[in-house]
Amino acid sequence: MTRLARTGVWPGILLAAGVFALCLVLALALGPASLSLGRLWQLVVAGPVQGDLDNAIFWQIRMPRVLVACLVGAALAVAGVILQDLFLNPLTDPYVTGVSSGAALGATIGIVLHWSNLPWVTVLALVGGLGTLTLVWMAARRRGRIDIFVLLLAGVTIAYLASAVVTVLMISANQDMHAIIYWLMGSFSGRGWADVEIALVTLPFMAVPLFFTAEMDILLQGEKRALELGVEVERTKRLLLVTAGVLTALAVSVSGIIGFVGLVVPHIVRLLVGPGHRALLPVSLLVGAAMMVVADLLSRMVISPNEIPVGVVTTFVGAPLFVYLLRRGRRA
Amino acid sequence: MALIALRDVGFAYDERPVLKRISFELEAGAFVGIVGPNGSGKSTLIDLIDGILRPGAGEVLVNGVATDKYRRRAMARQVALVPQHFDLDFDLAVREVVEMGAYCRGKEAGPSGDAEEMLSRLGVAGLVDRRFLELSGGERQLVVLAQALMQRAPLLLLDEPASALDVSHQLRLFDLLRELNGEGLTVLCILHDLNLALHYFDKLLVLSEGEMAAFGPTDDVLRPEIIEAVYGVRAFLHRHAGRTYLTYSPRPRGDRLGRVHLVCGGGTGSGLMRELVDAGYDVSAGVLNALDTDEETGRELGLSMAVEAPFSPVGDEAYAENLALMRGADVVIVTAVPVSHGNERNIVAAMEAAAAGKPVWAAAGVLDADFTGITAGVGGVGVLLSAAADALHSALAALPLRSGRP
């Protein structure tokens, strides 16, 4: 968008990429069985090999888990940027659309049913998330336009409804309560390559908003001003809302509900690089990924060999950070 | 072909009609103001021209093409709009805000110096590296104008651009618009200040309750009768210091409290004339010499007056006319006018009216400036009052001024 700022975009992105790479290496190296940097390199070069314990830990357990964390963190951060800026509301996070609650309902049904011929928890979570997105969408559509406030209200309402159903299911399926709660808290524990495949679907959706940075910048001035300046507001809004919804549904279906990343990351990044989307989107993506990888690392390191659900870690880190940011005053 | 043309345009929000039967055309290069009371549909009209709203009836054509046929980007290349309110809660640089205006031009947008160039054009080049949120209201308005000008559209619409600006910024803005107009930009601007409209605009469109009350050259449109019909206030045109300007009285014509006749002159009555007119009294005056300050004020306020030729003593004809005006009045007031042989007959007339039972008040000062001694008789027949406005008002309010009037 801003041609002079264009030169100013890359240092931020490169720095964020560096931080992300560092976090990635740390997450791959550390764990109950820590690996040296040299050993890490050997394992990467060797590829998956049968019969080697380190190799199995690295390729079968740690690598897919870290990759899923990266993709989920990035997806939630990007969805957070989109929704905060479309709603023009700094307190918006990817879960206000109700998509996560729909996904939670799907996952709960999957857990309660005990079907095992497919990763039913993940599949039903995805179905629940996308189904909720469709419902909310239909509620918000009026005379061919999407009313962003109705969308917000419908999202919150459906979220409550879905949570109520989840609660009923939890109570009636007593023996599964632990699994359901654990899923709801969010975790990357035991995620494998099948989950990576689902999470990889987020990549093209994360790329979509990068083509609309100019439009998103202009939309910061409100929908009417954007129309006046020549933006096809309805089309842009629809595309971005669907993108954010799909990203959230995909992320939640493989990880459960991990709070605060989608809320806090866009705020932190705005403080660092400003609200212009050419920098905000890619840097948020990288910082979201880095933060999630580190949170996951903490979740498996702090009370090793047990694990804290990663959603608990992000909340413990995110909540005080967010309060601090709010107290600092809303510069962004 | 007209740059924009509206044909019998109507628009309603839900069921509530906002605009009715609007038809006019604007040629390229026009410099036109839109005035009208709050809620008369001005902002709706420019949103219709910009294609943000679609007409419920009739059609709005930009370059001969209906606005609903345009894609937004193509429309933004034809029509730029400076909104009344501009909200931005995000901490963007002024440069970024200005450059957003070039969005509609896509890849053809010029080199990166554009924003700077545009701001220096508006005389605020120094703002380019500031943060938008740090700017004052006036600076923001100029930045938003710069943003709109970045569209390089041939038509610029403005919605009350001057309302947040101080006097110096207002003049700068309108001078600038005139300058841009001189370079070919067509300007259609909503404004509330009729004196600014009078001074800057060639042509005005007056909206009243969603309909066109007038459209034409500014001097024809801003006549007191039209302003009174549209705004429900009395308006007066004044010519002073080489300018024409308007002042207003809150009460519409035809709602008179009573009639007051003033014996004044040399500027001693002008303030009182205006005060009485604003308070809703019907005012007459005499005898005044033509071109006397009070005579000019009375003429601009449209008072009935007995007038004598400049620098001449009061003649018989004017004297008789003055007496007739006094008879028709509920009360006669003599201001602290200096009395000399030129106007002593006015005092005689006042005393005659008093003798006939008309309440006559004289300002205390009139005795001090009496060079003839004639007012010595006033004390016996009239009521002597101080001319303090407050005392006058309460005294007037106590009088049965409406007596004998329909």
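Guide: A nonpolar core here is a set of buried Ala, Val, Leu, Ile, Met, Phe, Trp, Tyr and Cys residues joined through C-beta atoms within 7 Å. A residue is buried if 20 or more other C-beta atoms lie within 10 Å of its own, exposed if 12 or fewer, and partly exposed in between, with C-beta atoms placed from the backbone. This is a predicted model, in which local features need pLDDT of at least 70 and side-chain atom pairs count only at pLDDT 80 or more, while totals for chains, interfaces and linings use all residues. Residues are numbered from 1 along each chain as its sequence is written, and chains are lettered from A and ligands numbered from 1 in the order in which they are written.

Visitor: Which residues touch the most other members in the largest nonpolar core?

Guide: V72(A), A75(A), V78(A), L247(A), V287(A) and V293(A) do, in a core of 179 residues. Helix α3 of chain A, residues 53-87, gives the largest share of this core, 17 residues. Helices (H or I, at least four residues) and strands (E, at least two) are DSSP runs, numbered from the N terminus.

Visitor: What does A75(A) touch?

Guide: Leaving out residues up to four places away in sequence, A75(A) touches T202(A), M206(A), L247(A), L250(A) and A251(A). Touching, or contact, is when the C-beta atoms of two residues, placed from the backbone, lie within 7 Å. There is also a second, separate core of 41 residues, and its members include L262(B), L303(B), I333(B) and A350(B).

Visitor: Back to α3(A). At what angle do α3(A) and α14(A) pack?

Guide: The angle is about 140°, and the axes are 7 Å apart. Axes are lines fitted to C-alpha atoms, for helices over the stretch in contact, and angles run from 0 to 180 degrees between N-to-C directions. The two helices, α3(A) and α14(A), are therefore oblique to each other: under 35 degrees counts as roughly parallel, over 145 as roughly antiparallel, 65 to 115 as roughly perpendicular, and the rest as oblique.

Visitor: Is the crossing of α3(A) and α14(A) left-handed or right-handed?

Guide: α3(A) passes α14(A) in a right-handed crossing. That term applies if the near helix is turned clockwise from the far one by less than a right angle, and left-handed if anticlockwise.

Visitor: Which residues meet there?

Guide: From α3(A), they include V66(A), V72(A), G73(A) and V78(A), and from α14(A), they include L280(A), V287(A), G288(A) and D296(A). By class, the residues of this contact are 17 nonpolar, three polar and one charged. Ala, Val, Leu, Ile, Met, Phe, Trp, Tyr, Cys and Pro count as nonpolar, Asp, Glu, Lys and Arg as charged, and the others, Gly among them, as polar.

Visitor: How do α13 and α14 of chain A pack?

Guide: Helix α13 (residues 261-273) and helix α14 (residues 277-301) of chain A pack at about 130°, with axes 9 Å apart. That makes α13(A) oblique to α14(A), and the crossing is right-handed. Contact residues include V265(A), P266(A) and V269(A) of α13(A), and V283(A), V287(A) and M291(A) of α14(A). The residues of this contact are 12 nonpolar, two polar and one charged.

Visitor: Where is G262(A), and is G262(A) buried or exposed?

Guide: G262(A) is in helix α13 of chain A. G262(A) is buried, with 34 other C-beta atoms within 10 Å. Beyond residues up to four places away in sequence, the residues that G262(A) touches are L76(A), A77(A), A79(A), G80(A), D93(A) and P94(A).

Visitor: Changing topic. How many residues does the contact take from chain B and chain A?

Guide: The contact takes 22 from chain B and 24 from chain A. On the chain B side, α2 (72-78) and α3 (94-99) each supply at least two residues, and α2(B) gives the largest share, four residues. The chain B side has 11 nonpolar, two polar and nine charged residues.

Visitor: And chain B itself, how many helices and strands?

Guide: Chain B has 16 helices and 18 strands. Of its 406 residues, 42% count as buried.

Visitor: Which residues does the cis peptide bond join?

Guide: The bond joins G286(B) and V287(B), with omega about -15°. V287(B) lies in strand β14 (residues 282-289) of chain B.

Visitor: What about phi of D8(B) and N63(B)?

Guide: Phi of D8(B) is near 55°, a positive value in a residue other than glycine, and phi of N63(B) is near 55° too. D8(B) lies in strand β1 (residues 4-13) of chain B and counts as exposed, with 12 C-beta neighbours inside 10 Å. N63(B) is in the loop between β4 (57-62) and β5 (65-66) of chain B, and N63(B) is partly exposed, with 15 other C-beta atoms within 10 Å.
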